[in-house]
Amino acid sequence: MERLIAKGCILRPRPQRKTDCGNEELSDHRVTGLLPAGASGQSSRMGMTLLNQDLTTGIDYDLEALRNKYDQERDRRVSRRSTGKGQYVGTGGKFEAYSKDPWAERADRPPVQEHTSVIVAGGGFGGLLVGARLNEAGFDDVRVIEIGGDFGGTWYWNRYPGAMCDIEAHIYLPLLEELDYAPKHRYSYEPEMFEHSQRIGKAYGLYDKALFQTAITNAEWREDEQRWRIETDRDDVLTADYFILACGRQSLPKLPNLPGIDIFTPHTFHSSRWDYDYTGGDFSGNMTNLTDKRVGIIGTGATAVQIVPEVAQWAKELVVFQRTPSSVGVRGNRETPRDYVDMSKPGWQRERRNNFQAHILGLRPDTDLVGDGWTEVLDTLIPETPEDIERRLGRIPSRDERLLLAELNDNAVMNTLRARIEEMIDDPDTAEALKPWYRWWCKRPCFHDDYLAAFNRDNVTLVDTQGQGVEGFTENAVVVGGEEHQVDCLIFATGFESGIEYTHLTGFEITGRAGTPLSQHWSEGVRTLHGMSTDGFPNMFIVGGNVQTVNAVNAVQLLDEQAQHIAYILDTAQKRNLVAVEPTTTSVDEYVNLIHSSEKNKENLEFYIKCTPGYYNAEGTAKRSEDTFFGGRYGDGALAFYDMLDHWRKAQTLDGFALTPSPDGNSAEQ
Ligand code: NDP
């Protein structure tokens with residue numbers, strides 16, 4: 001296995017595991033790309049407390065200098081135009097062309113007026129999982145409503161060359177065990193994930209009732225009918241007993257809201273709506289139309305990291321406009337034979353997912369089934385348990401000491417990643433510009449085998465905007481620091497709107513009991529029970545990584561746990577002949593209080609406030625935990641959350657829910 005930390009320094013004894021880093025490997029690379037010890041002057045190091053000196057003994061870089069460097073890099077990024085969400089504009093109104101579906105012609109169809117048991121908003125992995133789990137529970141009339149022309153969500157839209165998922169396919173792809181499907185690569189490419197989405201749709205009969213190329217425009221609870229009424233932009237008027245939101249959390253493309261964007265004439269498109277008519281070729285490359293073109297890419301996030309090496313192979317010139325470099329670890333993708341994972345044991349996928357999640361939580365189980373950059377970094381990043389630290393230091397660590405240990409571990413990881421850049425990049429200035437100076441979790445961590453090497457090509461130029469970003473456009477050029485960069489084509493790899501307000505993410509209002517809109521119900525903050533339902537909105541459930549659930553690197557595990565949970569509730573409601581289920585105000589209040597009192601959320605907020613801006617910290621403006629991308633979560637972590645849901649289901653009491661029996665009074669079970 002390729003080891004990301006093969007040359008890193010780990011400042012604590014680690015459990016004896018096969019993947020452990022030998023001491024002799026800690027030698028010279030520890031100083032490569034680091035600030036030399038003493039660079040910040042003697043006085044700051046002298047200022048450390050005695051206890052901290054214990055913990056920092058043995059590090060061979062200047063901790064204070066590194067901290068100062070991180071602060072400087074963040075501060076230069078916090079410029080007049082580069083913070084806050086207002087720097088972006090959505091792809092509505094005059095920018096609507098950027099969100100047009102390149103993959104399907106709009107097909108006419110008559111409006112539908114029909115009742116189904118369930119309507120699911122969104123046909124990505126979340127909606128598919130809900131449909132599948134409900135189908136398993138006996139619901140055979142689930143209607144998925146989806147804006148795209150097919151199932152797939154993220155993997156329907158994002159067909160840019162090189163698109164893949166950097167979470168191991170065997171834990172990421174849904175329902176592998178149920179469908180007995182073995183992924184072809186360790187990290188799946190987009191075509192396989194799109195095809196798998198279709199496989200799920202077919203296997204669980206979800207195509208029958210699905211309405212594609214259809215946007216919900218209004219959703220309303222009808223008290224008199226005890227059901228939901230849903231309207232769409234196709235003039236459909238639909239009703240359902242249950243309404244489930246599976247709208248994703250980053251599905252709406254966004255553009256930089258910069259001067260001149262509307263007068264810029266070169267060809268442009270957003271990464272999630274790749275224009276193969278313009279570039280030529282397809283997902284696997286062959287973009288022959290670019291061989292005489294100067295192509296620009298704005299953005300160096302997880303998407304651009306995958307696009308850059310592909311375009312570099314075809315464009316006459318590629319200019320990458322960088323504001324903040326990503327951290328890029330080893331990927332190590334490869335084909336996976338059918339027996340790559342033993343898929344014969346019932347429950348293997350859940351076990352593998354839980355094992356991965358345990359590493360993500362820093363629990364360091366003895367085995368590392370996935371064994372990749374994620375598990376390796378997280379095993380390094382999170383300090384040992386307080387008990388282990390006590391055994392090592394001879395005392396219980398204070399909170400500050402624990403945070404210091406986390407920082408030192410983080411430095412070890414980031415130093416290694418910066419050293420990797422120095423090793424790989426030929427030009428020292430480019431290498432310097434590509435180095436990320438922030439803590440690992442400040443930005444979406446990336447892993448890729450070809451991204452960095454692309455900058456060694458003669459036809460690739462990195463325009464480092466020194467944290468300031470592209471400042472605007474002329475008619476035919478991108479402007480950075482007053483300098484014009486002419487391009488024939490510009491690709492916006494500038495990401496997606498990421499918010500917590502469902503009205504924003506869904507694009508339609510949802511009206512609950514007594515005519516209360518969800519936007520009003522949540523105007524003082526999101527309120528849910530378990531992140532999946534809210535009081536006053538009967539028979540409505542939410543699937544996705546919204547607030548009040550958990551941080552899960554493998555988002556699909558969270559989606560599946562939620563889908564199973566919701567399927568259980570609906571199944572139980574059917575069996576007990578209930579017409580409506582909704583969480584009580586008391587149970588929602590209690591759950592929200594639990595979230596708000598979480599120490600973990602407070603720690604996370606402290607962490608993100610110090611980070612360089614990005615969507616993780618509301619572009620540098622986060623003030624409350626809920627403002628951060630990972631904020632307002634169940635503090636004990638994903639595995640505890642899944643366990644809690646499991647116990648709740650096993651109790652079979654629908655605890656915390658108000659139950660409305662059917663007027664016929666026949667309650668099947670109690
Ligand atoms: P991101 O929001 O992560 O990145 C947007 C990029 O645009 C950033 O590099 C940002 O810079 C840059 N940018 C914005 N404005 C300017 C400007 N004025 N000048 C220069 N640069 C600018 O979007 P992505 O599409 O890359 O990724 C979105 C999410 O999708 C990821 O975070 C990840 O969760 C998911 N994803 C997952 C993948 C996977 O393998 N699982 C693959 C791809 C995406 P700055 O950083 O300074 O803000």
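A word on the model. It is predicted, with local features needing pLDDT of at least 70, side-chain atom pairs counting only at pLDDT 80 or more, and totals for chains, interfaces and linings using all residues. Residues are numbered from 1 along each chain as its sequence is written, and side-chain values use heavy atoms, without hydrogens or water.

Start with helix α14, residues 399-424. Helices here are DSSP runs of H or I, at least four residues, numbered from the N terminus. The expected span is 1.5 Å times one less than the number of residues. For the 26 residues of α14 that gives 38 Å, and the end C-alpha atoms are 38 Å apart, so the two agree. Buried means under 20% relative accessible area, with a 1.4 Å probe and protein chains only. Of the 26 residues of α14, 19 are buried, so the rest of the structure largely encloses this helix.

Next, the cores. A nonpolar core joins buried Ala, Val, Leu, Ile, Met, Phe, Trp, Tyr and Cys residues through side-chain atoms within 4.5 Å. The largest has 99 residues, and I244 and W440 have the most contacts inside it. Helix α19, residues 555-575, gives the most to this core: ten residues. Apart from it lies another core, of 36 residues, including F283 and A493.

Last, E310, in helix α10, residues 302-314. E310 counts as buried because its relative accessibility is 17%. Contact means heavy atoms within 4.5 Å. Beyond its neighbours within four places in sequence, E310 contacts P161, G162 and M287. The C-alpha atoms of E310 and Y451 are separated by 9.0 Å, though 141 residues apart along the chain.

Conventions: Helix = DSSP H or I, 4+ residues; strand = E, 2+ residues; numbered from the N terminus. Buried < 20%, exposed > 50% of the residue type's maximum accessible area, 1.4 Å probe, protein only.
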